[in-house]
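I opened this entry to record what I looked up in one chain. The notes follow the order in which I went through it.

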Amino acid sequence: QVQLVESGGGLVQAGGSLRLSCAASGSVFGTDTMGWFRQAPGKQREIIARITHRYLANYADSVEGRFAISRDDSRNTLYLQMDSLKPEDAGVYYCNKWPPVATWGLGTQVAVFS
């Protein structure tokens with residue numbers, strides 16, 4: 001049973017920063033590649049960052065250079081540091097394995113005002 005609990009979202013001014021966390025339990029983490037996903041209003045959920053168990057990260061073009069994904073395997077926790085936020089970064093952020101399993105958390109909402 002996989003459980004994923006995202007936190008850290010909020011309302012921030014454009015140019016600001018947020019740090020998201022994802023606490024994972026069950027059959028997840030370990031040697032899994034983990035990812036952050038974003039669902040903007042009216043759009044499909046998309047992968048924006050992922051990190052392998054060897055800490056190799058890659059990013060969607062839209063967040064490259066502004067977001068940083070990291071993981072703490074001792075705590076089964078995934079992080080997303082988001083800097084230089086833009087209004088188009090708004091949405092609900094989720095974590096999951098990559099490729100994702102069917103179970104999703106509730107996500108954490110990010111809103112960016114200019």
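By contact I mean heavy atoms within 4.5 Å. The model is predicted, and I read it as such.

**Entry 1: the core**

I began with leucine 78 and left aside its neighbours within four places in sequence. Leucine 78 is in contact with Leu20, Ser21, Cys22, Phe29, Met34, Gly35, Trp36, Ile51, Ile69, Ser70, Arg71 and Cys95.

I then asked which members of the largest nonpolar core touch the most other members. They are Trp36, Leu78, Leu80, Met82 and Tyr93, in a core of 27 residues. I noted the strands that each supply at least two residues of this core: strand 3 (18–25), strand 4 (33–39), strand 5 (46–51), strand 7 (67–72), strand 8 (77–82), strand 9 (91–98) and strand 10 (108–113). Strand 3 gives the most, with 4 residues. In soluble globular proteins, nonpolar side chains tend to be buried together.

I checked how far strand 8 is enclosed. Of its 6 residues, 5 are buried, so the rest of the structure largely encloses strand 8.

Strand 8 pairs with strand 3 in the antiparallel sense, over 6 bridges. I picked out leucine 20, whose bridge partner in strand 8 is leucine 80.

**Entry 2: the disulfide**

How many disulfides are there? I count 1 disulfide. The disulfide joins cysteine 22 to cysteine 95, with S to S at 1.8 Å. Cysteine 22 is in strand 3 and cysteine 95 in strand 9, so the pair ties together parts that lie 73 residues apart in sequence. The link of cysteine 22 and cysteine 95 is right-handed, with 50° about the S-S bond.

Are the two cysteines buried or exposed? Cysteine 22 is buried at a relative accessible area of 0%, and cysteine 95 is buried with a value of 0%.

**Entry 3: arginine 71**

Arginine 71 lies in strand 7. I looked up its accessibility and found 8%, so arginine 71 counts as buried; the cut-off for buried is under 20%.

Where does its side chain reach? The side chain of arginine 71 reaches the backbone oxygen of aspartate 32 at 2.8 Å. The backbone oxygen of glycine 30 lies 3.2 Å from a polar atom of the arginine 71 side chain. Not counting residues up to four places away in sequence, arginine 71 touches residues including Phe29, Thr33, Ile51, His53, Tyr55 and Leu78.

**Entry 4: salt bridges**

I count 6 salt bridges. One of the pairs I examined is aspartate 32 with lysine 97, whose closest N and O atoms are 3.7 Å apart. This pair links distant parts of the chain, 65 residues apart: aspartate 32 is in the loop between strand 3 and strand 4, and lysine 97 is in strand 9. Lysine 97 counts as buried at 17% relative accessibility.

Aspartate 89 and arginine 66 form a salt bridge with the closest N and O atoms 2.7 Å apart. Aspartate 89 is in the loop between strand 8 and strand 9, and arginine 66 is in the loop between strand 6 (57–59) and strand 7, 23 residues apart. Aspartate 89 is buried at 1% relative accessibility, and arginine 66 is buried at 11%.

Aspartate 72 is partly exposed, at 21%, whereas arginine 75 is exposed, at 60%. I also noted one network, in which salt bridges that share partners join Arg38, Glu46, Arg66 and Asp89.

**Entry 5: tryptophan 104**

I ended with tryptophan 104, in the loop between strand 9 and strand 10. Tryptophan 104 is partly exposed, with a relative accessible area of 26%. Its contacts, not counting residues up to four places away in sequence, are Phe37, Arg45, Tyr94, Cys95 and Asn96.

Definitions and conventions:
Residues are numbered from 1 along each chain as its sequence is written. This is a predicted model: local features need pLDDT of at least 70, side-chain atom pairs count only at pLDDT 80 or more; totals for chains, interfaces and linings use all residues. Side-chain values use heavy atoms; hydrogens and water are left out. A nonpolar core is a set of buried Ala, Val, Leu, Ile, Met, Phe, Trp, Tyr and Cys residues joined through side-chain atoms within 4.5 Å. Buried means under 20% relative accessible area, exposed over 50%, partly exposed in between (1.4 Å probe, protein chains only). A disulfide is a pair of cysteine sulfur atoms within 2.5 Å. A polar contact is a pair of N or O atoms within 3.5 Å; within protein, one must be able to donate a hydrogen and the other to accept it, and residues adjacent in sequence count only if both atoms are side-chain atoms. A salt bridge is a side-chain nitrogen of Lys or Arg within 4 Å of a carboxyl oxygen of Asp or Glu. Two strands pair if DSSP finds at least two bridges between them.
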